[in-house]
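Subject: Structure handover and findings

Dear colleague,

Please find below the structure I am passing on to you. My findings follow directly after it.

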Amino acid sequence: MKILVTGVNGFIGTHLLEKTTTATDWQVQGFDIADDNLAPFAGNPQLSFHKGDIFKETDWIEEQVKSADVVLPLAGIAKPAYYLQKPVWTFELDFEQNLKVVRLCAKHHKRVIFPSTSEVYGMSGDAELKEDESPLITGPIVKMRWMYSCSKQMMDRVIFAYGQEQGLQFTLFRPFNWVGPRLDTFKDAEERKARSITQMIYDVLYRGEITLVNGGEQRRSFTWVGDGVDGLCAIIENRDNKADGQIFNLGNPSNNYSIKEMAELLIDEMKGFPVYAERANAARLNVIPADKYYGKTYDDMQNRLPSVEKMDRLLGWKPRTDMRELLRRTIQWYAEREN
């Protein structure tokens with residue numbers, strides 16, 4: 001099987017490469033604007049890589065779509081700090097450029113697996129979010145936070161429509177707060193642009209305190225990236241075509257914690273690493289209003305709890321890694337690179 005992966009240098013892309021190059025014989029044609037995370041795969045015969053700008057390389061991308069069995073368009077903006085500051089760019093990349101790729105898949109009759117997001121559910125009132133039932137509710141236009149969610153939701157709808165009208169073979173998957181090594185960089189965290197766990201680890205080490213936006217009462221369902229990638233590989237494999245035309249949540253409902261609870265667990269786990277113990281013991285929590293941290297165009301949802309029943313029923317996938325273990329594994333990765 002040959003898979004075209006745009007955004008292969010990113011968080012999901014590199015973890016997918018780790019899995020495919022050790023557990024499958026799949027060939028990956030990777031594409032990204034950067035390659036700083038790909039050094040471990042240099043010379044690997046299962047990976048071919050092309051460095052380029054998705055805005056400029058339409059002809060090259062079309063040639064690769066034509067020769068691929070599966071297309072996985074991972075390129076996109078997924079950090080709240082970025083899509084709050086650059087909402088037009090977020091729309092242009094997450095919607096317009098990915099729409100270009102999807103249209104090429106429809107034109108050449110290629111299967112596409114699109115990374116949606118748990119954010120499409122927005123402020124849905126459902127206690128448990130179900131792929132084919134829960135309403136998708138976003139906030140007011142003046143809250144720019146929803147540009148990302150709306151861009152992804154519209155892609156979901158367009159892909160589904162292509163499937164209905166033109167027979168496009170597709171699957172949509174919705175990651176719920178996947179965490180692990182390489183989620184973000186410490187440079188992102190220094191600029192307060194990293195997502196929760198990377199930001200918190202950095203803040204414990206270099207600021208001495210974790211900032212809790214609006215008190216950290218928002219709840220999320222944190223998922224070890226390795227579990228998520230196992231689910232993604234089951235979708236790619238598509239045994240008996242059970243993933244065709246489906247939307248799947250990939251999350252861990254057992255790891256549903258508030259941001260504050262997660263911060264407390266993180267500090268506790270960091271105390272168990274000698275290289276971090278002193279700084280973790282001295283760390284404190286600091287509450288800050290959202291508009292002071294992100295600006296007045298931020299908005300948020302209070303809880304995201306996924307149903308993963310359909311992934312289990314159709315593809316036999318369940319998440320396995322509990323909260324403390326995923327925190328421990330992530331901290332371990334940073335501790336090994338302390339110097």
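Predicted model: local features only at pLDDT ≥ 70, side-chain atom pairs only at ≥ 80, totals over all residues.

As general background, nonpolar side chains in soluble globular proteins tend to be buried together.

Leaving aside neighbours within four places in sequence, Met270 is in contact with Ile201, Val204, Leu205, Tyr276, Ala277, Ala280 and Ile331.

**Packing of H7 against H9**

Two packed helices are described by the angle between their axes and the distance between the axes. For H7 and helix H9 (residues 259-270), the angle is about 50 degrees and the axes are 11 Å apart. The crossing of H7 with H9 is right-handed.

On the H7 side, the contact is made by Ser196, Ile197, Met200, Ile201, Val204 and Leu205; H9 contributes Ile259, Met262, Ala263, Leu266, Ile267 and Met270. Sorted by class, the residues of this contact are eleven nonpolar, one polar and no charged.

**Packing of H7 against H13**

Helix H7 (residues 196-206) also packs with helix H13 (residues 323-335), at an angle of about 55 degrees and with the axes 11 Å apart. That angle makes H7 oblique to H13. The crossing of H7 and H13 is right-handed.

Here H7 uses Ile197, Thr198 and Ile201, while H13 supplies Leu326, Leu327, Thr330, Ile331 and Tyr334. The contact of H7 with H13 divides into six nonpolar, two polar and no charged residues. Ile197 and Ile201 of H7 are listed in the contact with H9 and in the contact with H13.

**Glu96 in helix H4**

A further item concerns Glu96, which lies in helix H4 (residues 87-108). Is Glu96 buried or partly exposed? With a relative accessibility of 38%, Glu96 counts as partly exposed, because that class falls between the limits of 20% for buried and 50% for exposed. Glu96 and Ser151 are 55 residues apart in sequence, and their C-alpha atoms are 8.7 Å apart in space.

Yours sincerely

Methods. Residues numbered from 1 in each chain as written. Heavy atoms only, no water. Axes fitted to C-alpha atoms, helices over the stretch in contact; angles between N-to-C directions. Helix = DSSP H or I, 4+ residues; strand = E, 2+ residues; numbered from the N terminus. Parallel < 35°, antiparallel > 145°, perpendicular 65-115°, else oblique. Left-handed = near helix turned anticlockwise from the far one by under 90°. Contact = heavy atoms within 4.5 Å. Nonpolar A, V, L, I, M, F, W, Y, C, P; charged D, E, K, R; others polar. Buried < 20%, exposed > 50% of the residue type's maximum accessible area, 1.4 Å probe, protein only.
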